[in-house]
Number of protein chains: 2
Amino acid sequence: MGHDRLGATFAALADPTRRAILVRLASGEASVMELAEPFRMSQPAISKHLKVLERAGLISRGRDAQRRPRRLEAKSLEEATEWLERYREFWEGNYQRLDALLEELKTTQKKGRSTKR
Amino acid sequence: MGHDRLGATFAALADPTRRAILVRLASGEASVMELAEPFRMSQPAISKHLKVLERAGLISRGRDAQRRPRRLEAKSLEEATEWLERYREFWEGNYQRLDALLEELKTTQKKGRSTKR
DNA sequence: GTGTTATATAACCTATCAGTTATGCAAGCT
DNA sequence: AGCTTGCATAACTGATAGGTTATATAACAC
């Protein structure tokens, strides 16, 4: 399945290594070697993760001699957060109301079945 | 790679079909058939997506006769949102400051490497 | 009972993912 | 010039994802 941009962002965030990389980058830009150091994974593996993060728009590449330091890009994160926020508020607020409403509907259209939870 | 819980949540959110399902569920619980209807995908495919969402803790199963209506569960979403929020605020606010700070650190801890171009 | 509806599960296929090693290449260093 | 460092890329591999069809199960309707 091809991912859309939002999908690519969430997919990128799904991997713990990539999340750790983002956490690291939150405290400042870093070279590939620096980013690879905490993991017992090969450098190419890290480069691949970085490519995923980059395609998701979560990081960008700079240049400093032979280094290609990565830094965070906020945009994608904002989009992801927005998406979540929208629906979080949607049902966080309405949760109790919905619960009651559904219970009501259920007992109306079927004869009362006992509740789960 | 085995996903942790947060990872499973983000992975679940990566698929557009699953996001659409969540959006649908934000307006109330729904049976599998109801959830499957908008898609030109087989019912088993939808059941699989639902299983992914359930393992991620994003939805739960009720029972109503032969129906197994799904409903949203807020917890996982909250966790995901929290994670994003934490880092979003981290660099959204501090972006400019961080930039300057890093420049400073770089020139301090290495002997002055000339500007990063 | 028989048949139907709602859902789950199995078996299968293909594509993508996450890792590996080996190699290439550009930019310093001496 | 020749060696080293930092990174990218290619080719390969095993596992997982996402879809399919076919079948099983469970509750209802007659």
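Trainee: How many residues surround DNA strand C, and which are the closest?

Mentor: Please keep in mind that this is a predicted model. A residue counts as near a strand when its C-beta atom lies within 6 Å of it. Here, 23 residues surround DNA strand C; the closest are A:Ser42, A:Ala65, B:Ser31, B:Met33 and B:Pro44. The elements that give two or more residues to this surface are H4 (43-55) of chain A and, from chain B, H3 (32-36) and H4 (43-55).

Trainee: Which element supplies the largest share of the surface near DNA strand C?

Mentor: That is H4(A), with five residues. By class, the surface near DNA strand C holds ten nonpolar, eight polar and five charged residues.

Trainee: What surrounds DNA strand D?

Mentor: DNA strand D is surrounded by 23 residues, and A:Ser31, A:Met33, A:Pro44, B:Ser42 and B:Ala45 are the closest. The largest share of that surface, five residues, comes from H4(B).

Trainee: Which residues of H4(A) are buried?

Mentor: Burial is judged by counting neighbours: 20 or more other C-beta atoms within 10 Å make a residue buried. In H4(A), the buried residues are A:Ile46, A:His49, A:Leu50 and A:Leu53. Seen down the helix axis, the buried residues of H4(A) fall within an arc of 100 degrees, so they line one face of the helix. On the other side of H4(A), A:Pro44 and A:Lys51 are exposed.

Trainee: Against what do the buried residues of H4(A) pack?

Mentor: They pack against elements of chain A, namely H1 (5-13), H2 (16-26), H3, strand E1 (59-61) and strand E2 (70-72).

Definitions and conventions
Residues numbered from 1 in each chain as written. Chains lettered and ligands numbered in written order. Predicted model: local features only at pLDDT ≥ 70, side-chain atom pairs only at ≥ 80, totals over all residues. Helix = DSSP H or I, 4+ residues; strand = E, 2+ residues; numbered from the N terminus. Nonpolar A, V, L, I, M, F, W, Y, C, P; charged D, E, K, R; others polar. Buried ≥ 20, exposed ≤ 12 C-beta atoms within 10 Å, placed from the backbone. Arc of directions from axis to C-beta. Contact = placed C-beta atoms within 7 Å.
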